Amino acid sequence: MRIIVTKDYEDMSKKAAAIIAAQVVSKPDCVLGLATGSTPIGTYKNLVKWYEEGTLDFSAVKTVNLDEYRGLPRDNDQSYYYFMHDHLFNHVNIDVANTNVPDGTNPDAEQEAERYEALIASYGGQDLQLLGIGHNGHIGFNEPSDSFDKITHCVDLQESTIEANKRFFATIDDVPKQAYTMGIGTIMKAKKILILANGEGKADIVAKAFFGPVTPQVPASILQFHPDVTVVVDEAAAAKLPR
Ligand code: GLP
């Protein structure tokens, strides 16, 4: 595991974007696993900028997103489908047909999970998977539990996650209570993993996830067993790492 500590959010975003850019340059038809949340917004901004400057070409890139709220239609501005188009897809030359987010509107949860897992497999898996981390150590929407989920599935969100995400919705009742997420096994199959965290609020969980015991109670801790993980954290999020 490589840990890169950056000065601040901007520096984290630039370094993370540089790692993704290197992937796109070295394999133009790569499969990128993408993430949502406030953490990767700056990373996507840099990718858009480098596309506009002519450095990056997304025309052959395929993407699979980690997760999606269950029940939100694509045009809801809190859906992850909307987020990805708003922050990245609408601004680069990616073929929208090559972009994938679980379908939050499929009434058959089991069928949707199976469809999405099979789609990722048909792509040959992610060359690079980008991740953020929840305050409770969740990755995607894999919440703390007694076991690691292997494949894409529908989850009940924890109260703390609903609470953390309510800032994006008009009222707490509007926050979806379920989501689709790649499983821990789906994430671990990625050839490379890039995980980002910023801000002092993430300092405890970053130390726990990467230096604590590997346990499904801290889902991100499983990444300690992945052969190619890069952690990019700003100084505030790195504050509790052993020196
Ligand atoms: C959300 C997403 C995760 C994300 C995490 C952290 O619930 N499902 O993929 O990594 O929470 O979000 P943020 O980056 O806003 O702190």
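The side chains of Arg115 and Glu112 come together in a salt bridge, 2.7 Å from N to O (a side-chain nitrogen of Lys or Arg within 4 Å of a carboxyl oxygen of Asp or Glu). Both residues sit in helix H4, three residues apart, or about one turn of the helix. Glu112 is buried at 1% relative accessible area, while Arg115 is partly exposed at 38% (buried is under 20%, exposed over 50% and partly exposed in between, with a 1.4 Å probe and protein chains only).

A word on the ground rules: this is a predicted model, where local features need pLDDT of at least 70 and side-chain atom pairs pLDDT 80 or more, while totals for chains, interfaces and linings use all residues. Residues are numbered from 1 along each chain as its sequence is written, and side-chain values use heavy atoms, leaving out hydrogens and water.

The structure holds eight salt bridges. In one of them Asp127 pairs with Lys27, with the closest N and O atoms 2.9 Å apart. This pair links distant parts of the chain, 100 residues apart: Asp127 is in the loop between H4 and S6, and Lys27 in the loop between helix H1 (9-26) and strand S2 (31-34). Helices (H or I, at least four residues) and strands (E, at least two) are DSSP runs numbered from the N terminus.

Asp127 also forms a salt bridge with Lys191, at 3.4 Å between the closest N and O atoms. Lys191 lies in the loop between helix H6 (184-188) and strand S9 (192-197), so this pair ties together parts 64 residues apart in sequence. Through shared partners, Lys27, Asp127 and Lys191 form one network. Asp127 is buried at 6% relative accessible area, whereas Lys27 is partly exposed at 32% and Lys191 is partly exposed at 47%.

## Asn142, a buried loop residue

Now to the loop between strand S6 (128-131) and strand S7 (153-156), where Asn142 lies. Asn142 is buried, with 3% relative accessible area. The residues that Asn142 touches, not counting those up to four places away in sequence, include Asp149, His153, Thr181 and Pro219 (contact means heavy atoms within 4.5 Å).
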